[in-house]
Amino acid sequence: MAEDPKHATELARDMGLMHVTMIGVGAMIGAGIFVLTGLAAGVAGPALLIVFAFNGFVTGLTAMSYAELGSCFPEAGGGYLWVKEALPQPNGFLSGWISWFAHAVACSLYAVAFGTFSVDLLHMAGIDFNRLLSFTSSSEPYILAAKLISVFATILFVYINFRGAKETGQAESLVTILKIIVIAMFIGFGLYAIFAGKTPEPWPDHFRGFFQKGPLGIIMAMGLTFIAFEGYEIIAQCGEEVKNPKKNIPLSIFLSLLIVVPIYILVAFVALGAAAPEGDMPTWQYLGEKGEMAMIEAAEHFMLGKLGRIIFLIGGLFSTMSALNATVYSSSRVSFAMGRDHNLPSVFGKIHAKKRTPHMAVFISGMMIVMMAVLLPIEDIASATDAMFLLLFIFVNLAVINLRKNRPDLDRGFRVPLFPFIPILATVLNLILAVFLFFYRPLGVWVCLGYLAFGIGFYYLYSRRKEFVAKAAPAVHAEHPVFEATPRDFHILVPVANDKTVENLQRFAVSMAKAYSADITALNVIQVPAQLPPSEGRKYVDSARSLLGKAIEVAEQEHIPVYSLVKLTHNVPKAIIETCAERKIDLMVLGWEGERATRDRVFGTITDEIILNTLCDIAMVCRSPADKEIDRILIPISNIKFAILSLKIAEAILKENGTPIVLYHATHKVDVFPIEKKYREDLEKLKNEVDPSRYEIVIKYTHNYAEAILAEIQHNDLVIMGAPEEGLVRRAFFGDLPLHIVKETDVPIILTKRYTGHVKSWFQKFFGSRKTMLD
């Protein structure tokens with residue numbers, strides 16, 4: 001049954017091109033480049049340079065398949081859902097099975113790297129693990145310490161994902177920037193050492209015998225480092241949340257690769273050209289022997305000595321922490337999707353009643369991560385991770401071939417050129433890299449083969465019997481109901497969330513709608529935890545509809561045109577702000593309970609974000625006046641021009657009677673007559689917008705503004721407060737005073753913010769919103 005466009009449910013798309021590109025860059029410039037460069041140098045020799053270049057080419061071929069499929073299936077799930085759609089079973093099951101294991105084993109790689117970096121940093125701080133772990137029988141106490149720390153870190157991030165917490169967009173951007181800064185320092189100091197002659201021998205000598213490890217070494221190193229390029233697939237997994245996905249998903253995938261591949265080549269060049277081991281040992285061999293610590297050792301050689309080592313260790317720790325959180329999240333998300341589709345036992349598809357997170361999928365994925373981190377050496381973990389991602393990419397390339405043939409009707413924002421030759425070539429190259437990993441670390445490949453064999457058996461013995469016979473509804477509708485505004489020129493938005501206040505809030509909005517001949521959109525935003533795709537919020541739509549039903553009833557009783565909208569999102573403020581833009585809202589009516597989330601926030605995190613970024617006027621209602629008779633309205637002012645919206649709202653509320661509106665100004669000046677005269681003149685200048693005859697001006701001499709305003713408030717039925725723009729006055733006037741008034745009086749209060757133009761500094765645009773006040 002078609003959805004009524006007046007009462008719609010939509011997924012809120014929060015991510016723009018820059019945001020989603022940064023996610024891809026952040027995922028690729030992760031722990032892989034910190035951990036695997038030294039291992040790969042030992043396998044490929046000086047040819048490590050072309051290893052990264054060739055890998056960029058190979059992964060670029062598969063990236064085209066991801067770009068095409070991501071543009072026509074912008075849904076959470078990525079490769080798993082595409083293969084399930086395109087290829088017969090058990091291919092779909094196996095792609096999800098592989099993706100789950102690939103992300104889990106990648107997480108164990110990052111956990112072990114985090115443990116290794118932590119042990120080195122603690123050792124530099126003077127902690128002796130030989131003595132600290134002397135009670136154990138381990139002959140390698142430092143390795144044991146690294147494993148223990150990796151287990152602790154995994155448990156910590158499993159708990160964080162269970163709680164539903166995630167890094168904010170600002171934190172994600174800052175971590176990515178920190179990684180880029182550390183790597184840029186590494187490259188910058190390295191290039192200086194190379195070209196300023198700071199190395200003991202000419203840098204070209206470090207590249208002698210460029211191909212001495214032969215083609216086999218290059219291919220094995222390509223397979224080993226392939227994980228460093230796989231992060232762009234996370235872009236496709238975010239499809240439900242990307243604005244204009246048909247354009248932005250392909251573009252962000254290619255932009256992230258264009259940024260990352262040159263960085264990797266420069267890192268390899270600097271590591272080989274600037275590191276200066278003692279003796280006659282070639283640099284590539286030295287890096288290979290240092291293994292996962294090679295980049296740390298190289299940084300100490302040419303990047304500020306011990307300080308450079310510490311800086312690079314801190315960068316590595318932040319990088320692995322970010323990667324740990326992301327891979328715990330992604331592995332649990334894949335297993336949750338498989339549990340929901342009955343490909344895994346239903347326990348994987350359970351959502352915690354309070355946290356609304358897939359808690360069992362998170363815990364079971366965490367157990368797998370811990371097991372891999374403890375049982376396998378880091379080289380075998382890396383080998384297993386690469387092999388699984390290569391197999392997943394093979395499935396995706398086969399899927400794009402099949403869908404192009406069998407579903408030509410799909411609306412593709414990007415099409416793989418030279419079809420089908422490019423996906424076929426990508427499939428062959430990925431298979432070659434996976435096979436040659438066996439020659440590098442057979443144990444990791446055997447683990448993968450055993451896992452695949454177990455998965456095939458599990459499918460035929462369990463999953464095939466449990467699969468849905470009917471195809472599930474898509475996570476994102478192909479089309480959304482189109483909003484067509486009424487001929488009215490004024491539109492009001494009322495975000496509702498509280499069952500106790502929705503009717504009074506809507507009554508106030510109705511009074512505004514009558515005054516402005518406006519329509520009303522009632523909005524309820526369902527916040528979905530980061531661990532779930534936004535579409536999972538659909539199961540809570542019925543309760544949202546019940547809440548919106550009360551708002552609709554209030555408006556319809558007064559014959560006001562009313563729309564309702566439910567939005568499913570990870571980011572509540574963005575959903576509300578974007579609704580204002582999409583529906584050309586002129587006035588937003590917010591409810592406020594008077595609490596403050598932190599000392600740096602005036603009205604609470606969500607409300608502050610809305611106030612700063614919304615492109616319309618705002619009326620924030622604390623104790624609605626809709627259920628009481630109003631005989632007198634008080635408007636505290638410091639300057640008429642900052643109170644225009646407050647004046648208009650007051651006139652709208654009292655449109656049908658002559659009740660006076662009091663403009664109240666507290667001053668420390670004894671002579672109040674000039675101030676009153678100035679206000680009268682200002683009102684006359686605004687006579688095209690307000691009616692000057694309706695206002696009574698009261699000027700009071702005082703030394704305590706708050707006490708004077710509180711005393712005056714007691715004689716009024718409603719207070720409307722607008723905000724001045726001067727920083728210090730604004731903070732004094734609206735930092736604590738509204739909270740103080742709410743606490744000390746029961747008089748209804750409306751706080752207003754007039755939209756005068758959307759101006760953000762470059763800093764705000766890059767990092768997100770800042771601490772805000774009404775302005």
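Analyst: Helices (H or I, at least four residues) and strands (E, at least two) are DSSP runs, numbered from the N terminus. This is a predicted model, so local features need pLDDT of at least 70 and side-chain atom pairs count only at pLDDT 80 or more, while totals for chains, interfaces and linings use all residues. Residues are numbered from 1 along each chain as its sequence is written, and side-chain values use heavy atoms, with hydrogens and water left out.

User: OK, which strand does β6 run antiparallel to, and over how many bridges?
Analyst: That's β11, residues 749-753, joined to β6 by five bridges.

User: How many residues of β6 are buried?
Analyst: Six of six, across residues 617-622, so the strand is mostly covered (buried means under 20% relative accessible area, exposed over 50%, partly exposed in between, with a 1.4 Å probe and protein chains only).

User: Which of its residues point which way?
Analyst: D617, A619 and V621 go one way, I618, M620 and C622 go the other, and all of them are buried. In a regular strand the side chains alternate between the two faces of the sheet.

User: Let's zoom out. How many helices and strands are there?
Analyst: The protein has 27 helices and eleven strands. It has 775 residues, and 57% of them count as buried.

User: What share of the contacts join residues at least 24 apart?
Analyst: 82%, taken among contacts between residues at least 6 apart in sequence. Contact here means heavy atoms within 4.5 Å.

User: What about the helices? How far does α14 reach?
Analyst: α14 (residues 306-340) has 35 residues and spans 50 Å from first C-alpha to last, close to the expected 51 Å. The expected span is 1.5 Å times one less than the number of residues. Of those 35 residues, 26 are buried, which leaves α14 mostly covered.

User: And α1, how far does that one go?
Analyst: α1 is residues 17-28, twelve in all, and it reaches 17 Å, close to the 16 Å expected. Its buried residues are V20, T21, M22, I23, G24, V25, G26 and M28.

User: Why does L121 count as partly exposed?
Analyst: Because its relative accessibility is 25%.

User: Now a charged one. Is K147 buried or exposed?
Analyst: K147 is buried, and it has no salt bridge. A salt bridge is a side-chain nitrogen of Lys or Arg within 4 Å of a carboxyl oxygen of Asp or Glu. For K147, the nearest side chain of opposite charge is E379, 8.3 Å away. Lys and Arg count as positive and Asp and Glu as negative; His and the chain ends are not counted.

User: So what is K147 in contact with?
Analyst: Apart from neighbours within four places in sequence, V112, A373, V374 and L376. K147 belongs to helix α7, residues 141-163.

User: Which residues have positive phi?
Analyst: Among them are L304, with phi near 65°, and H559, with phi near 60°. L304 is in the loop between α13 and α14, while H559 is in the loop between α20 and β4. Just after α14, H342 also takes a positive phi, about 65°.

User: Why does H559 count as exposed?
Analyst: Because its relative accessibility is 69%. L304, at 44%, counts as partly exposed.

Note on methods. Two strands pair if DSSP finds at least two bridges between them.
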